[in-house]
Amino acid sequence: MSTAPSSNLARWLVYCRPGFERDCVEETQARALEAVENTGFVRLEGKPHLTFSKLIFARQLLELFNIINDLPEKDRLSPILATLAHSTEKFSAVFLEVPDSNEGKTLSSFTRRFQPILEEALRVQACLVNDPTLPRLHLFFPDKTRVFLGRSQANYTSDDLNGIHRISMAHDAPSRSYLKLAEAFEVLLTSSQRAQFIQLGMTAVDLGAAPGGWSWQLVQRGFKVIAIDNGPMKGAALAHPAIKHLRKDGFSFRPQKPVDWLVCDMVEQPQRVATLMCDWLLNGLTQHAIFNLKLPMKKRVTALTEALELIHKLLNNKGIIHQIIAKQLYHDREEVTVFLSRGKR
């Protein structure tokens with residue numbers, strides 16, 4: 001059993017969607033200590049002031065303070081307790097986590113069994129105490145022989161296990177795209193924003209609506225929806241009384257009067273979608289928007305940065321105060337979801 005050497009430079013552990021490891025490194029501009037494709041995590045060094053809320057491809061951001069290598073399969077507890085015994089630091093909670101990969105799936109049953117055993121041992125050792133102001137301890141198992149020890153602070157990083165906010169699929173949802181918008185509302189908006197911006201009887205336009213997953217999610221939250229798509233609606237979204245389906249082009253359609261929300265999941269170049277969203281806000285046709293930016297296979301960070309900078313430029317030129325929150329959500333694939341709202345930044 002061995003531990004990684006200490007360093008005076010800030011060290012970070014980032015969870016991400018497998019295949020986006022290089023994008024995580026690129027957006028942080030930190031030095032990669034470990035960034036292997038399709039592993040679902042990266043280890044970074046430097047950049048002492050990384051902020052989770054500003055990272056788009058990161059599911060979780062942890063301050064990494066130790067690594068234990070050569071874990072014995074029959075006794076992982078002892079080396080973990082021994083390592084923590086050398087520190088006087090205390091924690092409010094412990095998370096046992098694995099990457100979103102095939103390797104991680106094989107370890108998830110172990111972490112579920114190991115969780116109560118470790119928690120009890122940490123309480124006996126006085127490392128785990130009932131004080132929510134203290135940081136949380138994360139034990140991340142990238143494989144069977146290693147564990148990374150990191151810390152996080154509530155309200156500054158993801159509160160979800162493995163950095164994944166899971167959404168239950170509604171049995172009557174027309175498509176799995178329902179999950180994307182459901183997750184977006186929960187992750188991109190604060191609880192106070194949801195209470196203020198999502199109210200019964202509000203109106204919304206869904207561009208690129210077919211087969212109706214996003215429209216159906218809006219209906220579940222009390223919206224009246226105008227669904228725009230030349231394709232057909234399906235399942236529970238078909239002929240629903242709260243959904244008005246118009247077979248029109250999503251880029252040319254404009255409502256007769258403003259709506260509260262605009263949502264869009266059209267397959268198109270990021271800058272073209274960004275321009276369309278700005279046009280709606282600039283003309284006072286909506287106050288809030290959630291939309292997906294589909295990313296190219298190469299230079300994803302560059303394409304995304306250019307699209308977001310274009311939004312800022314177009315709205316700033318007209319003096320429109322706005323807020324942008326962008327994140328690659330768990331239910332996203334080759335895309336990033338964006339919340340855009342007029343008002344306080």
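**Reading the model**

Modeller: Let us begin with a single side chain: D100 is partly exposed, with a relative accessible area of 25%, where buried means under 20%, exposed means over 50% and partly exposed lies in between, computed with a 1.4 Å probe and protein chains only. This is a predicted model, in which local features need pLDDT of at least 70 and side-chain atom pairs count only at pLDDT 80 or more, while totals for chains, interfaces and linings use all residues. Residues are numbered from 1 along each chain as its sequence is written, and side-chain values use heavy atoms, with hydrogens and water left out.

Colleague: With which residue does D100 form a salt bridge?

Modeller: In general, side chains of opposite charge can pair when their charged atoms come close. The criterion here is a side-chain nitrogen of Lys or Arg within 4 Å of a carboxyl oxygen of Asp or Glu. D100 meets R59 in this way, with 2.9 Å between the closest N and O atoms. Helices (H or I, at least four residues) and strands (E, at least two) are DSSP runs, numbered from the N terminus. R59 itself counts as buried, at 6% relative accessibility.

Colleague: How many salt bridges does the structure hold, and which residues are linked in a network?

Modeller: There are 18 salt bridges in the structure, and a network of them links E34, R43, D143 and R146. Within it, the side chains of R146 and D143 meet at 3.1 Å, N to O, and both of these residues are buried. Elsewhere, R272 and E268 form a salt bridge at 3.0 Å; here R272 is partly exposed at 43% relative accessible area, and E268 is likewise partly exposed at 24%.

Colleague: Against which elements do the buried residues of α1 pack?

Modeller: An α-helix has 3.6 residues a turn, so residues three or four places apart point the same way. In α1 (residues 21-28), the buried residues include E21, D23, C24, V25 and T28. The buried residues of α1 pack against β2, β3, β4 and α8, contact meaning heavy atoms within 4.5 Å. Just after α1, Q29 takes a positive phi of about 60°.

Colleague: In what order do the strands of the open sheet run?

Modeller: The seven strands stand in the order β11-β10-β9-β12-β13-β15-β14, with mixed pairing. β11 (243-246) and β14 (322-327) are at the edges, each with a single partner strand, so one side of each is left without a neighbour in the sheet. Neighbouring strands are turned by 15° against each other on average, direction ignored; axes are lines fitted to C-alpha atoms, for helices over the stretch in contact, and angles run from 0 to 180 degrees between N-to-C directions. Inside this order, β12 (residues 261-264) and β13 (residues 288-294) pair in the parallel sense over four bridges, and C264 stands opposite F291 in β13. Helix α8 (residues 300-317) packs on the sheet, touching β13, β14 and β15 (335-342), and its direction makes about 170° with that of β14.

Colleague: How many helices and strands does the chain have?

Modeller: The chain has eight helices and 15 strands. Its radius of gyration, taken over C-alpha atoms, is 22 Å, close to the 20 Å that the globule rule gives for 345 residues, so the chain is as compact as a globular protein of that length; the rule is 2.2 Å times the number of residues to the power 0.38. Of the 345 residues, 53% count as buried.

Definitions and conventions
Pairing = 2+ DSSP bridges.
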